[in-house]
Amino acid sequence: MKALLLTFGLSLLATLRAQAFPTVQENQDVSGTWYLKATAWDKEIPDKKLGSVSVTPMNIKILEGGNLQVKLTVLIAGRCQEMNTLLEKSDEPGKYTAYGGKHVLYIIPSAVEDHYIFYYEGKVHRHHFRMAKLLGRDPDINQEALEDFQNAVRAGGLNPENIFIPKQTETCPLGSN
């Protein structure tokens, strides 16, 4: 009986999550340059760490078979670090996996043109996490897109008070301070 209730509860949760987040259509092009406008976590991040984070534009390339290659450079505590991630396409439109299936990513169209929300769920060192990122085609903050992101963060069960807006930089030479 407990197994039946657990199965029912998990399927209900999956259904509600799918309804809360409309996924990207199969034919939409997310390739090109994107700017990270805002991020929200399910964990609290100390303010002193966030003040020293800046990001360069993100480049997304569609690979053969529909997989995505995501590249960006992040300046954390005075050090530039290049991040390169392969997102493997799943059978579900807008759903990708990374790191051998340990992370799941949903690409969700924003109500605001040229903006998407990337919603992540995963596990790092036995710790589960959830994260959402607002991406846009230009570096300027769009207030309407930010409000839409806040609503999506709430719908995803994240705390809108944990939203962080990183500093934008055009370049970040690796190894620089």
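A residue counts as buried when its relative accessible area is under 20%, as exposed when that area is over 50%, and as partly exposed in between. By this definition both Tyr-106 and Tyr-119 are buried, and these two tyrosines return below as partners in an aromatic pair. The model discussed here is predicted, and its secondary structure comes to 3 helices and 11 strands. Of the 177 residues of the protein, 37% count as buried.

**Overall picture**

- Among the contacts in the protein with a separation of 6 or more, 53% are accounted for by residues 24 or more positions apart.
- The accessible surface of the protein comes to about 10,800 Å², and 53% of this surface belongs to carbon and sulfur atoms.

**Strand 7 and its neighbours**

- Strand 7 has 7 residues, and because 6 of them are buried, the strand is largely enclosed by the rest of the structure.
- Strand 6, which covers residues 95–98, runs antiparallel to strand 7 and is joined to it by 4 bridges; one of the residues involved is Thr-97, whose bridge partner in strand 7 is Val-104.
- The hairpin of strand 6 and strand 7 has 4 residues between the strands, and Tyr-99, found in the loop between these two strands, has a positive phi of about 55° although it is not a glycine.
- Strand 7 also pairs with strand 8 in the antiparallel sense, here over 7 bridges, and Ile-108 has Ile-117 in strand 8 as its bridge partner.
- Strand 7 and strand 8 form a hairpin with 5 residues between them, and Asp-114, which lies in the loop between the two strands, is a residue other than glycine with a positive phi, near 65°.
- Asp-114 counts as partly exposed, because its relative accessibility is 43%, a value that falls between the 20% and 50% limits.

**Aromatic pairs**

- A pair of aromatic rings is described by two quantities, namely the distance of the centres and the angle of the planes.
- The structure holds 3 aromatic pairs, and one of them is formed by Trp-34 and Tyr-116, whose rings are edge-to-face, with 5.4 Å from centre to centre and 80° between the planes.
- This pair links distant parts of the chain, since Trp-34 lies in strand 1 (residues 32–41) and Tyr-116 in strand 8 (residues 115–124), 82 residues apart.
- Both Trp-34 and Tyr-116 are buried.
- Tyr-106 and Tyr-119 form another aromatic pair, which is tilted, with 6.4 Å from centre to centre and 40° between the planes.
- Tyr-106 belongs to strand 7 (residues 103–109) and Tyr-119 to strand 8, so that this pair too links distant parts of the chain, 13 residues apart.

**Salt bridges**

- A search of the whole structure finds 2 salt bridges, and in one of them the side chains of Asp-138 and Lys-37 meet at 3.7 Å, N to O.
- Asp-138 is placed in the loop between strand 9 (127–136) and helix 3, whereas Lys-37 is in strand 1, and the two residues are 101 residues apart.
- Lys-37 counts as buried, because its relative accessibility is 2%, whereas Asp-138 is partly exposed, with a relative accessible area of 34%.
- In the salt bridge of Asp-42 and Arg-130, the side chains meet at 3.8 Å, N to O.
- Asp-42 lies in the loop between strand 1 and helix 2 (47–50) and Arg-130 lies in strand 9, so the pair ties together parts that are 88 residues apart in sequence.
- Asp-42 counts as partly exposed at 26% relative accessibility, and Arg-130 is partly exposed with a relative accessible area of 21%.

**A side chain beside the backbone**

- Asn-162 is found in the loop between helix 3 (143–155) and strand 10 (163–164), and a polar atom of the Asn-162 side chain lies 3.4 Å from the backbone oxygen of Trp-41.
- Asn-162 counts as buried because its relative accessibility is 17%, which is under the 20% limit.

Notes. Residues are numbered from 1 along each chain as its sequence is written. This is a predicted model: local features need pLDDT of at least 70, side-chain atom pairs count only at pLDDT 80 or more; totals for chains, interfaces and linings use all residues. Side-chain values use heavy atoms; hydrogens and water are left out. Buried means under 20% relative accessible area, exposed over 50%, partly exposed in between (1.4 Å probe, protein chains only). Contact means heavy atoms within 4.5 Å. Accessible areas come from the Shrake-Rupley method with a 1.4 Å probe; for residues, only the protein chains shown count as cover. Rings of Phe, Tyr and Trp (its six-membered ring) pair if their centres lie within 6.5 Å; planes under 30 degrees apart count as stacked, over 60 as edge-to-face and the rest as tilted. A polar contact is a pair of N or O atoms within 3.5 Å; within protein, one must be able to donate a hydrogen and the other to accept it, and residues adjacent in sequence count only if both atoms are side-chain atoms. A salt bridge is a side-chain nitrogen of Lys or Arg within 4 Å of a carboxyl oxygen of Asp or Glu. Two strands pair if DSSP finds at least two bridges between them.
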